[in-house]
Structures are given as C-alpha cells and as structure tokens.
Amino acid sequence: MTRHRRNTGAASASKRSESEPATDPSDGGTLEEIRRVETIADRVDVQSIRRELPDEWDVRPDLVQFGSEPLSETIRFRRTLADPQLVLKPIDDSQPGRDIVFYERDGPRAARERTIIVDSLSEAVRVAVNRVHQLDR
C-alpha cells in the first residue's frame, strides 16, 4: 500500500484533538495524519496473471504520468520495449477496483490510445490477458 501524507500546517508532530486549535501554519507545518491508501498494485496478483500470459510477456505495476496529471499507479503488460503494450489505470486512483481505463500503445514512439473503460479491475485484467494473446499471434 502507498502512504499518502497530508501537510496540515500544524507545528507539532503530535496528533491534536479536534477541539484544539491548529498552530500557526507559517511555522513550516508538520504531518498531522498518515493514512494508508490501497492502489491498483495492491489489488492484483501479478504472479497469477503472469501464468496466464505467453512466455515472453510480463505484467507489473508501473508509475505513469498522463499529460499534466500527477503520477498514477498502473498495471502494464509488455513483451519488449519495441512491442505493443497495454496499460490499466483506474479513473479514480482512490478506487482501484472500479472503472478501469484500458490503454494500448503500439510501440515506444507511439502515443497511448484510450481504447475502452471497464467497470471492474478483474474484468479489465481478463480483457488485457485476452488482448495479449491476440497480439502474440
């Protein structure tokens, strides 16, 4: 799981109660809260998926930037750098099991093309595995 930290501007590292006022945010701020956030990589068993792929293909989590958006954790299927690759990305990173965008890229110089949106991660993995077998022919 990835840890996300939120800078709240509180001057003390100790956790304050809801009734206590925040200290001056100009003090530089410290962490008030750390919470665990589940990511797409936490939701898939890449070893199990690899067993379903042709021998040359690999699947692994990857960090990808889409335009000016922040980095997103994705699941990438690829044989070699020169071959097509498939990328699965949740529409909402905070809900990694729902609404997965399926991207294809024909090669290293080609742009990613959004091809389909699938309503669940398990269905998106199934679509990706099927597509890998089509590309492997």
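Two strands are taken to pair if DSSP finds at least two bridges between them, and strands (E, at least two residues) and helices (H or I, at least four residues) are DSSP runs numbered from the N terminus. In those terms, Phe 77 stands opposite Leu 86 in β5. The model under discussion is predicted, so local features need pLDDT of at least 70 and side-chain atom pairs count only at pLDDT 80 or more, while totals for chains, interfaces and linings use all residues. Residues are numbered from 1 along each chain as its sequence is written, and side-chain values use heavy atoms, with hydrogens and water left out.

The chain contains three helices and seven strands. Read from the N terminus, its elements follow the order β-β-α-α-β-β-β-β-β-α. Of its 137 residues, 32% count as buried, where buried means under 20% relative accessible area, exposed means over 50%, and partly exposed lies in between (1.4 Å probe, protein chains only). The accessible surface comes to about 8700 Å², and carbon and sulfur atoms account for 44% of that area; accessible areas come from the Shrake-Rupley method with a 1.4 Å probe, and for residues only the protein chains shown count as cover. Among contacts (heavy atoms within 4.5 Å) between residues at least 6 apart in sequence, 39% join residues at least 24 apart.

Five of the strands build an open sheet in the order β3-β4-β5-β6-β7, with antiparallel pairing. The edges are held by β3 (58–64) and β7 (113–120), each of which has a single partner strand, so one side of each is left without a neighbour in the sheet. From one strand to the next, the twist averages 25°, where axes are lines fitted to C-alpha atoms, for helices over the stretch in contact, and angles run from 0 to 180 degrees between N-to-C directions.

Strand β4 (residues 72–78) runs antiparallel to β3, and seven bridges join the two. Within this pairing, Pro 61 has Ile 75 of β4 as its bridge partner, and Arg 60 has Arg 76 of β4. Arg 76 also takes part in the next pairing, where its bridge partner in β5 is Val 87. Four bridges join the antiparallel strands β4 and β5, which form a hairpin with six residues between them.

Leaving aside residues up to four places away in sequence, Thr 74 touches Ile 40, Arg 60, Pro 61, Asp 62, Val 64, Phe 66, Val 87, Leu 88 and Lys 89. The C-alpha atoms of Thr 74 and Ala 41 are separated by 7.2 Å, although these residues are 33 apart along the chain.

Phe 66, one of the residues that Thr 74 touches, also belongs to the one aromatic pair of the structure. Its partner is Tyr 103, and the pair is tilted, at 4.9 Å centre to centre and 40° between the planes. By definition, rings of Phe, Tyr and Trp (its six-membered ring) pair if their centres lie within 6.5 Å; planes under 30 degrees apart count as stacked, over 60 as edge-to-face and the rest as tilted. The pair links distant parts of the chain, with Phe 66 in the loop between β3 and β4 and Tyr 103 in strand β6, 37 residues apart. Phe 66 is buried at a relative accessible area of 9%, and Tyr 103 is buried at 11%.

Charged side chains also meet the ring of Phe 66. The charged end of Lys 89 sits over this ring, 5.6 Å from its centre, and Arg 112 lies over the face of Phe 66 at 4.2 Å from the ring centre. A charge sits over a ring if NZ of Lys or CZ of Arg is within 6 Å of the ring centre and within 35 degrees of the ring normal.

Strand β6 also contains Asp 99. Asp 99 has a positive phi of about 45° although it is not a glycine, and its relative accessible area of 29% makes it partly exposed.
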